[in-house]
Amino acid sequence: RFFFISDRPDPSHGRREKNFDMWIMDRTAEGWSAPRNLGAPINTEQEEFFPSLAQDGTLYFTRRPKGGDDDIFWARPDGKGGFLTPQKLPPQVNSGEARFNASISPDGRILVFCAMGARNMLGTVDYFACFRKQDDEWTQAVNLGPILNGPAWEAASASFSPDTRYL
C-alpha cells in the first residue's frame with residue numbers, strides 16, 4: 001500500500017474544493033492501482049495529512065481543523081481494508097500550540113512528532129517523542145534534544161528505519 005496526501009478535488013466524495021486528504025494506492029501484479037481517496041472516517045472537511053503506519057496497520061496522522069491547531073490522531077484497522085473512527089491522541093501527545101507530522105515506529109511503541117509551543121523548546125519547532133505503554137497509555141512528551149533540535153525550525157518530518165534502529 002502506498003499512502004499519500006493531495007489537495008486535489010474529489011467529486012467521488014462530494015468535494016470540489018481543494019482540501020488536503022489522504023489517498024491510497026495498492027500494489028498489484030500489474031503495478032500500482034489507481035489512487036483513491038481514503039474517505040470517511042479518516043478524511044473529513046478538515047485537512048488530514050502525514051500518514052504513518054505501524055506494522056499492525058494502525059494509522060497515525062495529523063488533522064488540521066479550519067482556523068485551529070494541528071493535532072495527532074490514530075485509527076485502528078477495521079479488518080475489512082479500512083479504518084475505525086479516528087481518535088485524537090491524549091494530552092501527553094497533543095498539548096501546546098500544534099503537534100504534527102507524527103511518525104510511528106514499526107512496532108507502534110515510539111511516536112516522534114513535531115511540536116510548537118511546548119515546554120522545553122529549543123527552537124520554533126522541535127522534535128519530541130512519546131512512548132506507548134502496554135495499556136495504550138502514552139508517556140509525557142520528551143524533547144529529543146540539541147542533536148536534532150536547534151534555535152530555528154529544524155523539525156519538519158521524520159521516519160523510522162524498518163528495524164527501528166534509525167530515525
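The sulfur of C114 lies 13 Å from the closest cysteine sulfur, that of C130, which is too far for a bond. A disulfide here is a pair of cysteine sulfur atoms within 2.5 Å, and the structure holds 0 disulfides.

Before going on, a word on what you are looking at: this is a predicted model, in which local features need pLDDT of at least 70 and side-chain atom pairs count only at pLDDT 80 or more, while totals for chains, interfaces and linings use all residues. Residues are numbered from 1 along each chain as its sequence is written, and side-chain values use heavy atoms, with hydrogens and water left out.

Are these two cysteines buried or exposed? C114 is buried, with a relative accessible area of 0%, and C130 also counts as buried at 0% relative accessibility. Buried means under 20% relative accessible area, exposed over 50%, and partly exposed in between (1.4 Å probe, protein chains only).

Now step back to the chain. It has 0 helices and 13 strands; both are DSSP runs numbered from the N terminus, helices being H or I of at least four residues and strands E of at least two. How compact is the chain? Its radius of gyration is 16 Å, close to the 15 Å that the globule rule gives for 167 residues, so the chain is as compact as a globular protein of that length. That radius is taken over C-alpha atoms, and the rule is 2.2 Å times the number of residues to the power 0.38. Along its principal axes, the C-alpha trace spans about 45 × 35 × 30 Å.

Let us follow some of the strands. Strands of a sheet pair through backbone hydrogen bonds, either parallel or antiparallel. Here, 3 strands form an open sheet in the order β1-β2-β5, with antiparallel pairing. Its edge strands are β1 (2-6) and β5 (36-37), each of which pairs on one side only. Two strands count as paired if DSSP finds at least two bridges between them, and β2 (residues 21-25) pairs with β5 in the antiparallel sense over 2 bridges. Which residue of β5 is the bridge partner of I24? The partner is R36.

Finally, consider contacts, meaning heavy atoms within 4.5 Å. Among those between residues at least 6 apart in sequence, 40% join residues at least 24 apart.
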